[in-house]
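Q: I have a two-chain model open and want to go through it. Can we start with how the chains meet?

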Amino acid sequence: MTTALWRDSGLAVTQAKDIREPRMDLQADVVVVGSGAGGAVVAYELARRGKRVLVLEAGPYVPSRDFSERFPEAMEQLYQDHGSQTNRSGDLLILQGACVGGSTVVNAGVCFRTPDFILRDWQRDFGLTGLTRDSMRPYFERVEKHLGVHENGEHEIAAHARLIRAGANKLGWSVKPFQRNIRDCALTGHCLSGCKTERKQSMLVSYLPWAVAHGTRIFADTRVTGILTDNGRATGVRAQVTGSDGEPVASVTVTAPRVVLAAGAVQTPLLLLRSGLANGSDQVGRHFACHPSLYVSARYPQPVHAWRGAMLGVYVDEFMAPEDGGFVLEDGGAGIVELSMTAEPGTGAPFMDFMEETRYLAGLVTLIHDHNVGRVRWDGDNKVIDYQLDDIDFPSMKNALKAAARLHLAAGAEQVHVPTSEPLVIRREADIDPMVEGLENQPHHLRMVSYHPQGSCRMGADPATSVVAESGETHEVPGLYIADASLLPTSIIVNPQITVYALATRIAEAIAASA
Amino acid sequence: MTQQYSAPSGPEWLQQGLARRRFLKWTLVASAGMTAAAAGGFLWLRRSPLDQQRIPDWAGELSAQEFLLLDRCRRVLLPTEGRDLPDTETVPVVANVQRTLSLMAPALRQQLSQGLGLFDNAAVFRHGCRFVDLDDETAWDYFDRWGRGLVLQRTLATVIKQLLYSAYWRDERTWPALQFDGPVSDRWGLAYLGNAPMPEEQGNVPTGGPE
């Protein structure tokens with residue numbers, strides 16, 4: 001067992017600028033690909049058990065003090081493809097963190113346990129009999145305790161959230177404060193640009209420093225390009241270190257008997273496909289889901305300043321169960337750049353009028369329990385994310401939109417902006433159904449964003465229909481594990497970070513037991 | 001119940017009446033002929049007095065046509081006259097767009113370049129000149145019609161707007177008029193809390209792992 005040396009701030013990370021030799025050969029007990037929700041937890045859980053762990057992260061290391069609290073700059077600095085990752089048709093922005101700490105650095109800190117009905121689906125449809133509410137409880141409790149997860153206090157319910165809560169109460173809908181992994185929230189509203197003063201308990205300030213204290217080494221700017229095997233068993237990875245100027249700095253080979261992929265639901269399947277591994281059943285990259293979301297903004301008679309206060313305060317779970325609609329509504333703060341994208345008030349003067357009144361806007365984010373209809377694949381050297389909102393999911397999307405409009409109007413909104421490519425405004429209850437029913441499921445009609453890519457290497461008992469077993473180990477390659485949102489067999493309707501943390505804890509335990 | 005017969009619409013009827021290979025051949029020949037005839041006229045119409053304009057040195061990563069289009073869109077999409085907002089001569093809108101484009105993956109950047117060209121040139125067919133030469137009223141209407149149009153039209157109208165909007169509103173000079181606060185942590189003097197304290201572990205908890 002190593003002696004833990006904890007730093008009270010910052011993180012020891014080897015970056016491209018620190019590397020002098022063009023080739024490095026490294027050894028470890030476990031090499032982890034990716035440093036987000038899954039990779040950081042696996043690294044810590046194994047390092048504290050005395051394993052020699054290496055974490056390779058393709059993105060840069062950006063210390064909290066360098067966060068600018070300017071969303072467009074954060075997109076360029078911290079997000080995958082500088083914030084421009086989309087599906088193939090370009091009508092769905094798929095946001096993922098691409099930095100040390102991954103998406104945990106740029107999310108809004110929302111923590112949901114996996115809903116029971118989802119776990120039951122997994123047990124029934126995928127043979128994941130070990131994933132019951134009772135068996136998962138210790139894992140949820142552990143990560144929630146480590147990350148200081150707690151319910152928003154009243155001071156963390158911002159003006160925009162209070163409006164949403166009032167509207168839900170008026171309609172008699174169930175509305176609850178979010179649980180978040182925040183310590184002493186400073187109410188800056190800049191969660192999506194990274195928490196500059198280290199209050200959000202992202203992997204950057206929690207599991208990664210703890211893992212390093214137990215001897216884990218982290219390499220940033222280091223993209224894994226292939227998984228190595230010997231006699232069908234994982235033996236390590238090869239990687240490329242690239243400088244901030246895009247120039248290659250060094251090639252790296254890591255020899256390790258355990259390889260854990262935690263690069264996220266887009267990069268993990270791409271790496272497997274490029275390596276030609278674990279895909280005998282042609283399941284890698286398939287069954288991608290992403291909670292396609294709408295931001296439904298509405299104009300209120302009084303100033304709201306949706307950028308002030310905690311970004312996410314309350315959510316409406318009235319419709320969460322599939323039989324009740326299969327969607328969740330989350331109140332959502334936003335800055336002016338984000339708000340400029342949410343509605344289409346018309347070109348020129350109408351748009352400028354709209355922007356001059358942004359302080360009167362409040363917004364609701366819709367999350368739907370989408371079916372896993374997408375696919376992640378290569379087209380030559382270009383990654384492709386095939387995903388279009390399926391006709392089977394379109395009714396859920398419309399119902400979520402109707403509920404959001406109804407809630408805004410109940411809360412006193414004067415205008416609800418339907419997030420479409422053409423100007424559509426709902427001003428009264430009677431307009432909701434005809435206007436929303438008139439929408440068509442066409443590309444680039446709805447303005448959708450995905451914050452939760454998941455499910456491209458799904459977990460299941462049957463190797464013919466899944467990529468990894470319940471232990472996280474791939475069915476086909478001993479020693480090769482997956483510990484990120486790609487293994488979720490279905491979309492989980494809620495923000496997935498706690499689910500990934502809990503599953504990663506469990507998978508780390510399985511790895512430790514197997515070594 | 002009787003079923004009323006109606007003839008299929010044009011292209012469908014043509015395809016039903018011709019063998020597939022023959023149809024393709026005829027289509028190719030006809031298209032080539034029309035293209036050749038139209039090309040001269042199209043090239044004549046797509047000429048713009050703006051083409052003589054010198055492109056600024058800082059815009060080196062944009063083609064001349066891209067610069068002209070984005071610069072025209074800046075004025076069309078962000079009219080600031082009579083408002084308490086900085087004008088777009090002051091805010092480096094096109095330079096900001098150029099920076100965003102420079103970060104795009106090469107394949108996406110190439111597709112966007114083609115799209116921008118299409119958006120500009122397609123105005124010739126309806127208005128007899130490129131988008132960059134449309135007056136404001138016509139340009140606003142052009143954007144609104146494309147927003148209600150076919151998939152490709154909706155895509156381009158939305159993407160161009162979002163590029164320009166982001167490029168303008170990211171500039172802090174636009175914030176006071178909207179009462180937007182921008183970055184606050186340094187201004188408020190917020191303390192850094194540092195890393196989370198190490199957990200106190202008791203053995204290899206939790207238990208009841210994978211079966």
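The chat below covers the interface, then chain B, one of its residues and a domain of chain A.

A: One note before we start: this is a predicted model.

Q: Fine. How much area do chain B and chain A bury between them?
A: About 6000 Å², with 56% of it on carbon and sulfur atoms.

Q: Which three residues supply more of the area that chain B buries than any other three?
A: Tyr192(B), Asn195(B) and Met198(B), which supply 13% of the area chain B buries against chain A.

Q: And how many residues does the contact take from each chain?
A: Chain A gives 74 residues and chain B gives 63.

Q: How many salt bridges across the interface?
A: Nine are found between chain B and chain A. One of them pairs Lys161(B) with Glu344(A), where the closest N and O atoms are 3.0 Å apart. There are also 36 residue pairs in polar contact across the interface.

Q: Which elements of chain B give two or more residues to the side that touches chain A?
A: Helices H3, H4, H5, H7, H8 and H9 of chain B. H8(B) has the largest share, ten residues.

Q: How do the residues on that side of chain B divide into nonpolar, polar and charged?
A: 32 are nonpolar, 18 polar and 13 charged.

Q: Switching to chain B itself. How many helices and strands?
A: Chain B has nine helices and zero strands.

Q: What share of chain B counts as buried?
A: 39% of its 211 residues. As for contacts in chain B with a separation of 6 or more, 62% come from residues 24 or more positions apart.

Q: I was looking at Thr88(B). Where is it found?
A: In the loop between H3 and H4 of chain B.

Q: Buried or exposed?
A: Thr88(B) counts as buried, because its relative accessibility is 8% and the cut-off for buried is under 20%.

Q: What does Thr88(B) touch?
A: Leaving out residues up to four places away in sequence, Thr88(B) touches Arg74(B), Arg75(B), Leu78(B), Thr80(B), Val93(B) and Tyr168(B). With Arg74(B) there is a side-chain polar contact of 2.8 Å.

Q: Last topic, chain A. What does UniProt place at residues 372-504?
A: The unreviewed UniProt entry gives "domain: Glucose-methanol-choline oxidoreductase C-terminal" for that stretch of chain A.

Q: How much helix and strand is in residues 372-504?
A: In the model, that part of chain A is 26% helix and 17% strand, and its end C-alpha atoms lie 22 Å apart.

Methods
Residues are numbered from 1 along each chain as its sequence is written. Chains are lettered from A and ligands numbered from 1 in the order in which they are written. This is a predicted model: local features need pLDDT of at least 70, side-chain atom pairs count only at pLDDT 80 or more; totals for chains, interfaces and linings use all residues. Side-chain values use heavy atoms; hydrogens and water are left out. UniProt positions are given in the numbering used here, feature names are shortened, and annotations may be inferred rather than shown by experiment. Helices (H or I, at least four residues) and strands (E, at least two) are DSSP runs, numbered from the N terminus. Contact means heavy atoms within 4.5 Å. Buried area is the accessible area (1.4 Å probe) that two parts lose on being put together, summed over both. A salt bridge is a side-chain nitrogen of Lys or Arg within 4 Å of a carboxyl oxygen of Asp or Glu. A polar contact is a pair of N or O atoms within 3.5 Å; within protein, one must be able to donate a hydrogen and the other to accept it, and residues adjacent in sequence count only if both atoms are side-chain atoms. Ala, Val, Leu, Ile, Met, Phe, Trp, Tyr, Cys and Pro count as nonpolar, Asp, Glu, Lys and Arg as charged, and the others, Gly among them, as polar. Buried means under 20% relative accessible area, exposed over 50%, partly exposed in between (1.4 Å probe, protein chains only).
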